[in-house]
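Colleague: Thanks for sitting down with me. Could you take me through the model and tell me what lies behind the labels?
Modeller: Happy to; here it is.

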Amino acid sequence: MTEELTKNALKKKLKAEEAARKKAAKEAERAAKAAANPTQKKTKLGGDDIELDPTQYYENRLRTVNNMGPAAYPHKFHTTHTIKDFITQFSCLEDGGHLEDTVTAIAGRISAKRTQGKLMFYDINGDGLKVQIMSDLRNFDGDEEKFRETHALIKRGDIVGVIGFPGKSKKGELSIFPKSIVLLSPCLHMLPTSRSGLKNQEVRYRQRYLDLILSADTRKVFETRGKVINYIRRYLDERDFLEVETPLMNMIPGGATAKPFITYHNDLHLSMYMRVAPELYLKQLIIGGLERVYEIGRQFRNESIDLTHNPEFTTCEFYMAYADYNDLMEMSEDMVSGLVREVTGSYIVQYAADEGGEPMTIDFSPPWKRVPMIAGLEEATGEKFPPLESEGAHAFFSALCAKHNIECSPPRTVARLVDKLVGHFLEDNMINPTFITDHPEMMSPLAKSHRSMPGLTERFELFVAKRELLNAYTELNMPTVQRQRFEEQARQASAGDDEAQVHDEDFCVAMEYGLPPTAGWGLGIDRLTMFLTNKWNIKEVLLFPAMKPTDEQAARIRALHKNDAAQMSPGGSSTADISPDALTALTAAIKSVVIANSLSEVYEGLNNKLQQSQFLGGNSPSKEDSIVYDALTAHVPREALRSAPPAICGLLRTVGAFAPHVRSSWN
């Protein structure tokens, strides 16, 4: 028995040695062939797609693409189906079924890449949808090396075109089985993986394209935003409103209580304002006979950036002749509740106002609660308010704010104090849609006085989740009263309120031709989108929100502004830009206001007078302002006026807004 086992062991040993000898011979033969033909080394299937260093990845990728030349960026790729159409047409296939005689061509971005043996799998995305690419050498047009080279080239993030036939995998996943894959536009940067995602908020906001590439949720937010705008447009179109466009650059920043952005028109030598609201233009169209108009567009306000405010934002404003604010409250309930239901499928939405906060339930079912502003405040505070125009009103409301520890930054006007009280006692308790109605006249310079409550206006604001969503009122259409309201706003501005409205005399003249009884309405598109997508930060619903520049961006901006300043510099002193005769005429014309012997002395004297008030004679325009305006515009070239101190430029803009016959009436 022992002898037999020894023989078996010997046979196994000899067999193993023979196998080892043959293996060594094959490896030697393979090595010899590789040495003789070094270019025939097989490309690794799929390529090395797991480089860890993004910088090295970029350099390698850039080198590869540069070597390809223009071939990396073809001019055209003909598709037979969008990815959406491909899914719609072929989703009905049975598991494992193929339509090998059906040639299809689709294009999109590669979001995932996987290797399984000699099979290559990709996910190709387009229009927010995904289809699998299942690539097999047996179906591919080309030899094995071409197959390997193609798949080594394709990386995550690339835009590719695929020609092949539709089918489903054995597990039932709809796929395209390619005969060829064409690189249409390479992605040079390493994308974050699907696991890690793009979690840096700064990067998401600054590089929104990258956020959209990686996040289906981000895409859904902006699809919802589009649905909101389309619904509003359709709602108004169905009610015979005409969509219009009004200027984005205005000579007067009117239509809203807000601080404007200032720009400069080189050809006109004129400072202009980015619009804060389209209201005054839209009402002029009502005067012209367009009885129902609306505009959906951007507004610009030079105010703080926070979780609910962006310097540029989107609104819808509409104006409707022969309607009042009661009609618009009913329209608001109908439009907004219908919009919410169509977009979300319900009147009920969940909304968290803070990051990680507890969601609140908002019910948009109509009708909505209505709270008169002053009556609501009196009930909430237990106080009886004095008339807001009375002498003791300021002391009363200032003391009331102090009593309840409500802060109000300067200027502490009655209007601002009341607004702070409203925010504390009324707005902070409003979760479901609620109208605050009947605002004081001093807070509503463009709204018509209430027909039965003196001192108040026919105005309402809609609040949802403690935040204002829309504002509307019966429009003031009495030109004399409108001028008085503008003068009151000028007094507020002189008290330091840089958000007070500016007198727009052209609008007052337009009103003298007759503005019919009209109601106007404005809604914030961004904020409504926040509610419907459960986003606590307005940057989440703006494709390109305002951001503080990075250090690198700031350096580029400084260099650009430096070059612009050099090109725009007047290139000389103020006095060099005015002739002796013009200077003599100027100083003679304004000698009752300021004594001067040069243009620089004129500017210095006027600037000193304007340090304490908006106008030369105090808080209201006077004959002095008219004299100075006429003299400066008549005798000083525009280029020289550009070098005037900001206070003088502001005076010229404000006084110039009044018609000549109005200026001549000043005492």
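Colleague: What makes the contact between the side chains of Arg219 and Asp127 a salt bridge?
Modeller: A salt bridge is a side-chain nitrogen of Lys or Arg within 4 Å of a carboxyl oxygen of Asp or Glu. Arg219 and Asp127 meet at 4.0 Å, N to O, so the pair is counted under that cut-off. Before we go on, this is a predicted model, in which local features need pLDDT of at least 70 and side-chain atom pairs count only at pLDDT 80 or more, while totals for chains, interfaces and linings use all residues. Residues are numbered from 1 along each chain as its sequence is written, and side-chain values use heavy atoms, with hydrogens and water left out.

Colleague: Which parts does the pair of Arg219 and Asp127 tie together?
Modeller: Arg219 lies in helix H7 (residues 216-237) and Asp127 in the loop between strand E2 (119-126) and strand E3 (129-136), so parts 92 residues apart in sequence are tied together. Helices (H or I, at least four residues) and strands (E, at least two) are DSSP runs, numbered from the N terminus.

Colleague: Why is Arg219 called partly exposed?
Modeller: Buried means under 20% relative accessible area, exposed over 50%, and partly exposed in between, with a 1.4 Å probe and protein chains only. Arg219 has 32% relative accessibility, so it counts as partly exposed. Asp127, at 49%, is partly exposed too.

Colleague: Which residues do salt bridges with shared partners join into one network?
Modeller: Arg204, Arg208, Asp211 and Glu540. In total the structure holds 28 salt bridges. Another of them is formed by the side chains of Glu342 and Arg234, at 2.6 Å, N to O. Glu342 belongs to helix H9 and Arg234 to helix H7, so parts 108 residues apart in sequence are tied together.

Colleague: What makes E16 and E17 a pair of strands?
Modeller: Two strands pair if DSSP finds at least two bridges between them. Strand E16 (residues 459-464) and strand E17 (residues 467-474) have six bridges, in the antiparallel sense. Arg459 stands opposite Tyr473 in E17. These two strands belong to an open sheet of eight, in the order E6-E10-E11-E18-E17-E16-E15-E14, with mixed pairing.

Colleague: Why are E6 and E14 the edge strands?
Modeller: Strand E6 (242-243) and strand E14 (369-372) each pair on one side only. Helix H9 (residues 325-344) packs on the sheet, and among the strands it touches are strand E11 (312-321) and strand E18 (518-524); contact means heavy atoms within 4.5 Å.

Colleague: What does the side chain of Asn477 reach at 2.9 Å?
Modeller: The backbone oxygen of Leu515. A polar contact is a pair of N or O atoms within 3.5 Å; within protein, one must be able to donate a hydrogen and the other to accept it, and residues adjacent in sequence count only if both atoms are side-chain atoms. Asn477 is in the loop between E17 and helix H13 (479-494), and with 14% relative accessible area it is buried. Not counting residues up to four places away in sequence, Asn477 touches Lys448, Met511, Leu515, Pro516 and Pro517.

Colleague: Where is Arg156, and which backbone oxygen lies 2.6 Å from a polar atom of its side chain?
Modeller: Arg156 is in the loop between H4 and strand E4 (159-168), and the backbone oxygen is that of Leu191. The side chain of Arg156 also reaches the backbone oxygen of Pro192 at 3.4 Å. Arg156 has 17% relative accessible area and is buried.

How values were computed: Axes are lines fitted to C-alpha atoms, for helices over the stretch in contact, and angles run from 0 to 180 degrees between N-to-C directions.
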